[in-house]
Amino acid sequence: MSAPSGLPEADAVSYDVTTVRADFPILGQTVHGRPLVYLDNAATAQKPRVVIDAVDRFFREQNANIHRGVHALSAQATVAYDEVRAKVRAFINAREDREIVFVRGTTEAINLVAQTFGRGIGSGDEILVSEMEHHSNLVPWQLLAGQVGAVVKPAPITGEGELDLDALRAAFTPRTKLLAVTHVSNALGTVNPIAEIVSEAHAHGVPVVVDGAQAVPHIPVDVAALGCDFYAFSGHKMFGPTGVGVLYGRAELLEAMPPYQGGGGMIASVSFEGTTYAPIPTRFEAGTPAIAEVIGLGPAIDYMYEVGFEALMAYEAELVDYAVEQIGAVPGVRLIGTPETRVGVVSFVMDAAHPHDVGTVLDQDGIAVRAGHHCSQPVMDHFGVPATVRASFALYNTPDEVDTLVQGLHRVNEIFG
Amino acid sequence: MADLNELYQSVILDHNRSPRNFREISDTPHHAEGHNPLCGDNLRVWVELDGDVITDASFIGNGCAISKASASLMTQAVKGKRVSEAKELFTTFQKLVTGQASPQESKDILGKLILFAGVSEFPVRVKCASLSWHTLNAALEDAPEAVTTE
């Protein structure tokens, strides 16, 4: 359909943020008498009504354990649970449903890989970990290294807060057994060129574990195109419930891995003489999983498709550019991390006040930001700061909210200046 | 509604900007390190004792306005006090910032430190105000381990 003559062609991308906001009940409330300005999305995102309703409906009408009972409710719950697995497979373009393991969150996903796949790593081997990792993609590797006598080697970042790709290339040695890297930095917003990094690592025969927690709410993820061996993310950062996360692993790798936890649901048969384990992914899902939360993750994925990645990416890119420009223009502000490709996060410090004091002042204006080290202390050390203020954005934030934040920062300067 | 002016009183802002006794005491065995792992704040506290009297107190550290001002005012408050009096100050201060005691009933003991009464309206900031006191306590007890708020 073409636009009426005389008018410019409508944007291919149309985005109605007011409609989007109306889907998130929590955004309508006031905090300290001011409209909530929620800019702590990198910590956890708010939930659309479809997700809240799905979890509510499950407990009201559908609650039963899965893969157990022959009764109707159990059968329905099992179907609903497995349908979300298929939905996640499509969401990240994995080849098979069995490559999708439900876990508690990104942290558990990475610990699972470290404690199972990681058993192939031995004394003197090297685990390469980028300097911009969240502690959840560093500490599990340190634990493993301590257990087996391996070494965790940092892959450095630049002054802009980007991964130093030349240094990374040079860091591979014949002893390198694994690379752990984030898709998007939770502290800086930097988007790493994962496909390029993976092909470099694979050229050295090194498998790659990707922390995708901060990527999935902002960009479409295609694990086939990225080529990574493992990809981990959390439901709650992509508008789904807490307590559910996903580990994607290439089927041939998952099949070769021993179980993570033992218990019900992960076995084929059990006797005192010996136990055989269930095929993947069930082998890694011991015990009753977060059934309601998995079922709530389904509509979160549907919601993101409904909004549309193309539209939300264009909208968020403009919003974050505006935030970077406006926040950066406040006197006494220093932006921490100035990567070329960024999504979601703007981190900064102020001459006038410590991030905690900034956070407290902003909170009084109803603005929720994170102040601290963001579980990324090596990143803070790299920039020589103990902490930053982090404003993190999602598909429902607006330029007006950026303006409110900037007014709050001026108030910080007034109080502490 | 909690009032920012109650929290960030001018004396607190002044001590944040120019902390007093912000130095090391090199020849005392009584010192300790304090750490708030959630926010990354850390500070070191030194005390010099003559018998059980605190003859000097100092600190160096990195932190928010509340933690820095609290440490600064603390070093002033404990100087010349007996160890037992400093510990009573700590207990009373802790009650004030957690809202268990009113400024009125604490002011005879706390003096200037009642400026921190506003902290009780900001529960997440209580640890900022009390970190230096926990660290002082450790220094007085010659605790070898760094103290932490967690």
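## Strand β7 of chain A

Strand β7 (residues 176–182) of chain A is mostly covered, with six of its seven residues buried. Here a residue is buried if 20 or more other C-beta atoms lie within 10 Å of its own, exposed if 12 or fewer, and partly exposed in between, with C-beta atoms placed from the backbone. Strands (E, at least two residues) and helices (H or I, at least four) are DSSP runs, numbered from the N terminus.

β7(A) runs parallel to strand β5 (residues 126–130) of chain A, joined to it by four bridges, and A:Leu128 stands opposite A:Leu179. Four bridges also join β7(A) to strand β8 (residues 208–211) of chain A, again in parallel, and here A:Leu179 stands opposite A:Val208. Two strands count as paired if DSSP finds at least two bridges between them.

## About the model

This is a predicted model: local features need pLDDT of at least 70 and side-chain atom pairs count only at pLDDT 80 or more, while totals for chains, interfaces and linings use all residues. Residues are numbered from 1 along each chain as its sequence is written, and chains are lettered from A and ligands numbered from 1 in the order in which they are written.

## Two domains in chain A

Chain A is divided into domain 1 (17–31 + 308–416) and domain 2 (52–305); the bounds come from an automatic or database domain assignment. Taken over C-alpha atoms, the centres of domain 1 and domain 2 of chain A are separated by 28 Å. The contact takes 23 residues from domain 1 of chain A and 23 residues from domain 2 of chain A, where two residues are in contact if their C-beta atoms, placed from the backbone, lie within 7 Å.

On the side of domain 1 of chain A that touches domain 2 of chain A, at least two residues each are supplied by α11 (309–328), β14 (345–350) and α13 (377–383) of chain A. The residues of that side of domain 1 divide into 11 nonpolar, nine polar and three charged. For this count, Ala, Val, Leu, Ile, Met, Phe, Trp, Tyr, Cys and Pro are nonpolar, Asp, Glu, Lys and Arg are charged, and the others, Gly among them, are polar.

## The antiparallel sheet around β14

β14(A) also belongs to an open sheet of four strands in the order β13-β14-β17-β16 (chain A), with antiparallel pairing. β13 (333–335) and β16 (370–372) of chain A each have a single partner strand, so one side of each edge strand is left without a neighbour in the sheet. Ignoring direction, neighbouring strands of this sheet are turned by 30° against each other on average.

Four bridges join β14(A) to strand β17 (residues 388–392) of chain A, with A:Ser392 as the bridge partner of A:Val345. Helix α12 (residues 355–364) of chain A lies across β14, β16 and β17 of chain A and runs at about 160° to β16(A). Such angles run from 0 to 180 degrees between N-to-C directions, with axes as lines fitted to C-alpha atoms, for helices over the stretch in contact.

## Helix α2 and its cover

How far apart are the end C-alpha atoms of helix α2 (residues 49–62) of chain A? They are 18 Å apart, which agrees with the 20 Å that its 14 residues should span at 1.5 Å a residue; the expected span is 1.5 Å times one less than the number of residues.

A:Val51, A:Ala54 and A:Phe58 are buried in α2(A). An α-helix has 3.6 residues a turn, so residues three or four places apart point the same way. What covers the buried residues of α2(A) includes α10 (291–307) of chain A.

The loop between β12 (274–277) and α10 of chain A holds A:Pro281, and the peptide bond from A:Ile280 to A:Pro281 is cis, with omega near 0°.

Two residues have positive phi although neither is a glycine: A:His32, at about 50°, and A:Phe239, at about 75°. A:His32 sits in the loop between β1 (30–31) and β2 (34–35) of chain A and is exposed, with 12 other C-beta atoms within 10 Å. A:Phe239 lies in the loop between β9 (230–234) and β10 (245–249) of chain A and counts as buried, with 29 C-beta neighbours inside 10 Å.

Chain B has an open sheet of four strands in the order β3-β2-β1-β4, with mixed pairing. At its edges stand β3 (53–62) and β4 (147–148) of chain B, each with a single partner strand. Strand β2 (residues 41–50) of chain B pairs with β3(B) in the antiparallel sense over nine bridges, and B:Leu49 stands opposite B:Ile54. Helix α3 (residues 65–78) of chain B lies across β2 and β3 of chain B, at about 170° to β3(B).

Between the chains, the contact takes 14 residues from chain B and 16 residues from chain A. The side of chain B that touches chain A divides into 10 nonpolar, three polar and one charged residue.
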